[in-house]
Amino acid sequence: MARMKFLCDADRCIDCNACVTACKNENEVPWGINRRRVVTINDGKPGERSVSIACMHCTDAPCAAVCPVTCIFSTDEGVVLHSKDLCIGCGYCFYACPFGAPQYPRVGNFGSRGKMDKCTFCAGGGGPETPGSIAEYEKYGANRLLEGKLPLCAEMCSTKSLLAGDGEIIAQIYRERVSKRGYGSGAWGWTTAYYEGVAV
Amino acid sequence: MSKLLARIRFVAGPLALLMMVAVMAPSDAQQRNPDGTPNPTASAVDEQELLRQLPRIEGRIDIPNPREAVLIQPAGRTWDYFHEVILHWLGAIVILGMVAVLAIAYLLMGRIRMSAGRSGVEVPRFNGFERFSHWLNAVSFVVLGLTGLNITFGKIVLLPIIGPDRFSDLSQAAKYVHNFVSFSFVAGLVLIVALWIKDNIPRQVDITWLKEGGGFIKSKHPTAGRFNAGEKLVFWFALGAGAVVIVSGYLLMFPFYLTNIAGMQVAQVLHAVTAVFFIAVILAHIYIGTLGMEGAFEAMGKGTVDLNWAKEHHGLWLEEETTRRAGNDTRGEPWATPAE
């Protein structure tokens, strides 16, 4: 079975934030929460790079390990999902996440953060709701994977910088790009998320 | 001296300049590949290089939330290791270890009795306000300790028994209780410190008390003031550890007010490690105040102790109290015999 991953080709990302907007719209993400964001390193300096980042659906996901109520888990496809019914909003997944992915609707409000929200790889939620149901959509957003589609952020990407899908395939696409154009600044976050970069 | 400094400056100045040139020159040269074609990534930021230099990669972000400008913080995995491996073992060893030590102490020594037996005369030791402050602090501590342990050990101990739904409801409630009871803990600690700090200043007699093994060696009976060295150690430990858990706890309760992600991780580590040792020390405190010693609990229970208990454990304090009472009361007998 495919192991789902994200890969942002930073040499193609133009910081247009279309992925951020697409995600918010597709998943009806509430105000104040951004499941995906674009960070620009060395902004305005030579060699600046923008990277689109969200939950990377890590191998041995640290958020899942530290969760005091074990509401976070990895699916067979490596997608990290959680149950908002079980989440107590303690914030531990945020301390453990290398990518700042977990978001809370009530940040800083006297320790009552509310139910955690994060990127689901457009694969619905990890609760008891029927996959693809309206109840699931309202709580977690779209379940595009169920419909045979990939996350909308990557599908929308105008420069095809952001790749989503089977880790083997997107790594191969990236390798071919790098060998064709002769350069590449690496698969950002891969060594932290998956313990391995993309060897070119 | 100034000559030497001038010489150093004379050497170091050009050296620094040379080094700057050495660092800059290759980067300019790297703009082109060896075959002369331009290399667009020559000066590009490199993730692994950045992570070698900095603990986390930060940048600029378009969405109006500067907190999210951290791109990668691999320390999250380190914190995961601390929380899931180190803390679990440390907590289990320290807390269960203390329980084992206390059980062995009880089996070997039994209950420490008053060697002269009860006199039937009661000496006031803690007034109502002192007892209120102590119990405010104590009850808060027990509640905070249990709800805190649930966050770390609940999923191992309790979750398999009561199931995920009920465990989640319980943990949610426990989290709120933990957050709100913190205030009564702070109030209790402040009161305790204000009331007892003057009696907890270390004195010469404390060293003797410690050297003679406290009250644990039966042949010796080291005397003490109002608080003995053991109690003073608990007092100062509670003040120090209390301050650490209070500050780190409030930092976690107000994320991003004063700390960034790294600050929150450090705060959680300090909070958890301090709390583990705090719980172990307080277990010992509870043991000696209840099961471990005859006549100790009533001091904090009803506020009075037996005269013989006071003589045995707090001789200096009893003397001071006797003189003070005698000064106020000219009838001669300072301690009223209880009405029977």
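In strand β2 of chain B, B:Arg60 is the bridge partner of A:Thr40. This pair belongs to a link between two chains: 2 bridges join strand β2 (residues 37-41) of chain A to β2(B), and the strands run antiparallel. The model is predicted.

**Where the chains meet**

- The contact involves 47 residues of chain B and 45 residues of chain A.
- Several elements of chain B give two or more residues to its side of this contact, among them β2 (60-61), β3 (70-72), α3 (75-109) and α4 (128-157).
- Helix α6(B) gives the most, with 7 residues.
- By class, the side of chain B that touches chain A has 22 nonpolar, 15 polar and 10 charged residues.

**Chain B as a whole**

- Chain B contains 12 helices and 5 strands.
- Of its 340 residues, 25% are buried.
- Take the contacts in chain B with a separation of 6 or more: 66% of them join residues 24 or more positions apart.

**The nonpolar cores**

- The largest nonpolar core has 95 residues.
- Within this core, A:Cys8, A:Val51, A:Cys63, A:Cys93 and A:Leu162 touch the most other members.
- Helix α9 (residues 261-289) of chain B supplies the largest share of this core, 11 residues.
- A second, separate core has 8 residues, including B:Val123, B:Phe126, B:Val305 and B:Ala310.
- Back in the largest core, A:Cys93 is one of the residues that touch the most other members. Leaving aside neighbours within four places in sequence, A:Cys93 is in contact with A:Cys63, A:Val66, A:Cys67, A:Ile72, A:Pro102 and A:Met116.

**Helix α6 of chain A, side by side**

- Helix α6(A) covers residues 167-181, which makes 15 residues.
- From first C-alpha to last, α6(A) reaches 21 Å, close to the 21 Å expected at 1.5 Å a residue.
- Its buried residues include A:Gly167, A:Ile170, A:Ala171 and A:Tyr174.
- Why do these residues lie on the same side of α6(A)? They cover an arc of only 100° around the axis, so they share one side of α6(A).
- An α-helix has 3.6 residues a turn, so residues three or four places apart point the same way.
- The face turned away from the buried side of α6(A) carries exposed residues: A:Glu168, A:Gln172, A:Glu176, A:Ser179 and A:Lys180.
- Just after α6(A) comes A:Gly182, with a positive phi of about 90°.

Technical notes. Residues are numbered from 1 along each chain as its sequence is written. Chains are lettered from A and ligands numbered from 1 in the order in which they are written. This is a predicted model: local features need pLDDT of at least 70, side-chain atom pairs count only at pLDDT 80 or more; totals for chains, interfaces and linings use all residues. Helices (H or I, at least four residues) and strands (E, at least two) are DSSP runs, numbered from the N terminus. A residue is buried if 20 or more other C-beta atoms lie within 10 Å of its own, exposed if 12 or fewer, and partly exposed in between; C-beta atoms are placed from the backbone. Two residues are in contact if their C-beta atoms, placed from the backbone, lie within 7 Å. A nonpolar core is a set of buried Ala, Val, Leu, Ile, Met, Phe, Trp, Tyr and Cys residues joined through C-beta atoms within 7 Å. The expected span of a helix is 1.5 Å times one less than its number of residues. The arc is that of the directions from the helix axis to the C-beta atoms. Ala, Val, Leu, Ile, Met, Phe, Trp, Tyr, Cys and Pro count as nonpolar, Asp, Glu, Lys and Arg as charged, and the others, Gly among them, as polar. Two strands pair if DSSP finds at least two bridges between them.
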